[in-house]
Amino acid sequence: MSFSTEVKMNHYQNEKENPNPNPNPSSPLKKRGARWSDLWLKHTKSKPLDQMVVAAAAAMQLHSLTSPRKSNSTLIPNFSIIDRTLLLSDVILLKILSMLPDSDSQRNSNSLVCKRWLNLQGRLVRSIRILDWNFLLSGRLIHRFPNLNHVDLIPGCLILARSRDILMSGNVLSMHVDSGCSPNWYNCEENMLPVEVIDNGLSALAGACPNLRRVQVIGASEMGLLSVAEECPTLQELELQRCSDNVLRGIAACGNLQILKLVGSVEGFYGSVVSDIGLTILAQGCKRLVKLELCGCEGSFDGIKAIGKCCQMLEELTLCDHRMDDGWLAAVSYCENLKTLRLQSCKRIDLNLGVDEYLGSFPALQRLHLQKCQLRDKKSVSALFSVCRTVREIIIQDCWGLDNGMFGFASVCRCVKLLHIEGCSFLTTEGLDSVIHSWKELQSLRVVSCKNIKDSEITLSLATLFTTLKELKWRPDTKSLLQSSLVAIGIGKKGGKFFKRTLT
């Protein structure tokens, strides 16, 4: 046995007795299996690692240039193929959206396209009605609609009843009430937010929307209105419900106010007092008023006179369910530029007018509108037509007590060009004929739903007058119109006693 063979046998015997005599992995005696890294380094001894990386990158770039591109490399160009509006700027897209039809369904459809369209559509909204007061206090309203100029806060100021089974509606307000409420209570006062909460909402709204032009609110105080007056110099129209004399101090700070609606007291909803003190404060502060509406307000000759003296630009005055003291009608003559006088839902006009020579007249007055008023007192009706003798349009709708005698006082209005009578059941054809023949400038006549004005009672002179009019709307007896229309389509000829009894 040679020396080399003996060494190998001894080494084999040692490994059998001690399988791992040297645990050091770096020992040259340990034999390891072939690895992928060893094989890769073995075949790349002639090429350094950096050269391999450069070559791989060049190959990938060459492949991307030569192979057809089925998809774009970035997300935005790929999305721009799907949504072409991403290529348009916000200004251009806003101009396009503003030209679409202004309807609720169209606006809702635009807002559901994507978040961008939702934000852009919110910029186009100018008018909104608040139903949830927290939506205003949390700032979500301003973030969602940053360019508002008309905000109706009245529904949000009211706390809705749990059982919305009864809808209580008035001339200026509607709300849901519980079935167990007492009819003698003021339901709105029991279901209204605290004054401090309403003032905080007004301050937040005014600070975020300085371009407000119209605001409708109920139950605010002087401080809340002062914040609106200071932050919104362009405010032009204001509706304030549940108003009082103290609150009018804040309204007086709105120097550019042109349209104002004050609601003092509404039966069944709330009670508040607006007297001559508040009207005087208003007149001295808001001298640019063009339209003024007083609903459920008190006052007298002094308050109306102050408005006429200070608000020289006033063109339209509306009194709705007024609680004015006697003699207020004579003060309206101080409104020298008044063009429209409107009385709505007034139980009386003026019961104590005083001496007739102090009534005066309105030289600039053009329209007299009476709606749902009670015309029972002859003296007050006569005085009303006397001070409005220069009017060119008379509109009387659903007024109780207007008979031939009451309507005869309108004959002093010699310059009438338009007469509209609707829902006056006491007026007859004779009473109408006697008045309109004295109006030589009459051009338009509308008679609707006056059941005592009969077609069979039209005289020859009245029929001749109809031929000279530029506009004639003659539907006084709706029953005769219904009967003629039914007969024209064949209903009533057959069918029994029902039609015969109702159509005669």
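Is aspartate 321 buried or exposed? Aspartate 321 is buried, with a relative accessible area of 17%, where buried means under 20%, exposed over 50% and partly exposed in between, using a 1.4 Å probe and protein chains only.

## About the model

Welcome to this structure, which is a predicted model: local features need pLDDT of at least 70, side-chain atom pairs count only at pLDDT 80 or more, and totals for chains, interfaces and linings use all residues. Residues are numbered from 1 along each chain as its sequence is written, and side-chain values use heavy atoms, leaving out hydrogens and water.

The average pLDDT of the protein is 78, and 68% of the residues score at least 70; pLDDT is the predictor's confidence in each residue, from 0 to 100. Residues 62–75 have a pLDDT below 50, and this stretch has four contacts in the model beyond near neighbours in sequence. For residues 491–504 the pLDDT is also below 50, with eight such contacts. Contact means heavy atoms within 4.5 Å. Where pLDDT is low, the predicted coordinates should not be read in detail.

## The overall picture

The protein has 22 helices and 17 strands. These are DSSP runs numbered from the N terminus, with helices (H or I) of at least four residues and strands (E) of at least two. Of its 504 residues, 39% count as buried. Among contacts between residues at least 6 apart in sequence, 67% join residues at least 24 apart.

## Two helices side by side

Helix α15 (residues 276–285) packs against helix α16 (residues 301–310) at an angle of about 5°, and their axes are 8 Å apart. Axes are lines fitted to C-alpha atoms, for helices over the stretch in contact, and angles run from 0 to 180 degrees between N-to-C directions. The two helices, α15 and α16, are therefore roughly parallel, a term for angles under 35 degrees.

On the α15 side, the contact is made by Asp276, Leu279, Thr280, Ala283 and Gln284, and on the α16 side by Asp302, Gly303, Ala306, Ile307 and Cys310.

Aspartate 321 sits in the loop between β10 (316–320) and β11 (323–324). Leaving aside neighbours within four places in sequence, aspartate 321 is in contact with Gly296, Gln344, Ser345 and Cys346.

Methionine 192 lies in the loop between α11 (187–190) and α12 (195–208) and counts as buried at 9% relative accessibility. Not counting residues up to four places away in sequence, methionine 192 touches Cys157, Leu158, Ile159, Ile198, Ile218, Gly219 and Arg242. The C-alpha atoms of methionine 192 and cysteine 157 are separated by 5.9 Å, with the two residues 35 apart along the chain.

How values were computed: Angles under 35 degrees count as roughly parallel, over 145 as roughly antiparallel, 65 to 115 as roughly perpendicular and the rest as oblique.
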